[in-house]
Amino acid sequence: MAEWIKECPQVDGEVVRTVENAYSPYGGLRVMHGNLAPDRGVVKQSAVSDDMRKHRGPARVFESEEEACEAIFGGKINAGDVVVIRYEGPAGGPGMREMLTPTSAICGMGLDKSVALITDGRFSGATKGPAIGHVSPEAAAGGPIALVHEGDIIDIDIDEGTLTLEVSDEELEARRAAWVKPEPKYQVGVLARYAKLVSSADKGAYFG
């Protein structure tokens, strides 16, 4: 192997970069934390434009991927909005579905530099823009994402790694007391068992 390495071309600084000339000083991922994600969330910060690393806007709340997509394709999402898609986590989905369709739609409509997305679902490597996933605890477990109301202001700071719902602790406690856990989407079968036994995303969403 040493002989093979000896024959390799020198680092060109573009395709293979040195530490001093790294593609990004931040790394690809950023773990987010705050009162909206006490057990963390994750964003692919390498795909976020500089002007969206900090964003503050009104929540647009959807109870499923399909509901969010209908609003996005229907032109009901505006620049500055923060799209919140919940009940798509490990238990709520169930299975933590990939939210590629809504993020792709936002990007395709030219809104990825003005609209953020937050979900307890997951993303693939194709996601672009300020899309924060794996938000934990998930909505189905009564996490704070389940308590967000339409129009609530959400502050996102990727540089600081913070995800803040601008609602008082007292108001959140009142909402938590009034929250009613939705019925599971599956009552019998493998998916029903999975939803009942799966762990939180921050614990690996393992089944057992």
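1. His55 has a relative accessibility of 10% and therefore counts as buried; buried means under 20% relative accessible area, exposed over 50%, and partly exposed in between, with a 1.4 Å probe and protein chains only. The residue belongs to strand β3, which covers residues 54-62. Helices (H or I, at least four residues) and strands (E, at least two) are DSSP runs, numbered from the N terminus. The side chain of His55 reaches the backbone oxygen of Gly80 at 3.0 Å. Not counting residues up to four places away in sequence, His55 touches Gly80, Asp81, Val82, Ser114, Ala116, Ile154, Asp155 and Ile156, where contact means heavy atoms within 4.5 Å.

2. On the basis of the values, the model is a predicted one, in which local features need pLDDT of at least 70 and side-chain atom pairs count only at pLDDT 80 or more, while totals for chains, interfaces and linings use all residues. Residues are numbered from 1 along each chain as its sequence is written, and side-chain values use heavy atoms, with hydrogens and water left out.

3. As to the overall architecture, the protein contains five helices and eight strands. Their order along the sequence is α-β-β-β-α-β-α-β-β-β-β-α-α. The C-alpha trace spans about 65 × 40 × 35 Å along its principal axes. Of the 208 residues in the protein, 45% are buried. Among contacts with a separation of 6 or more, 64% are accounted for by residues 24 or more positions apart.

4. The protein exposes about 11200 Å², of which carbon and sulfur atoms supply 55%; accessible areas come from the Shrake-Rupley method with a 1.4 Å probe, and for residues only the protein chains shown count as cover. There are 22 positive and 32 negative side chains, and the centres of the two sets lie 3 Å apart. Lys and Arg count as positive and Asp and Glu as negative, without His and the chain ends; each charge is placed at NZ of Lys, CZ of Arg, CG of Asp or CD of Glu.

5. Glu88 is located in the loop between β4 and α3. With a relative accessibility of 0%, Glu88 counts as buried.

6. In helix α3 (residues 100-108), the buried residues are Pro102, Thr103, Ala105 and Ile106. Seen down the axis of α3, they fall within an arc of 160°, so they line one face of the helix; the arc is that of the directions from the helix axis to the C-beta atoms. These buried residues pack against α2, β4, β5 (116-119) and β6 (131-133). Gly110 follows α3 and has a positive phi, near 75°.

7. Gly75 lies in the loop between α2 (65-73) and β4 (82-85). Its relative accessible area of 48% makes Gly75 partly exposed. Gly75 and Met109 are 34 residues apart in sequence, and their C-alpha atoms are 9.2 Å apart in space.

8. Helix α5 (residues 190-197) has Ala192, Tyr194 and Ala195 as buried residues. They cover an arc of only 160° around the axis, which puts them on the same side of α5. The exposed residues Val190, Arg193 and Lys196 are carried by the face of α5 turned away from its buried side.

Conventions
A polar contact is a pair of N or O atoms within 3.5 Å; within protein, one must be able to donate a hydrogen and the other to accept it, and residues adjacent in sequence count only if both atoms are side-chain atoms.
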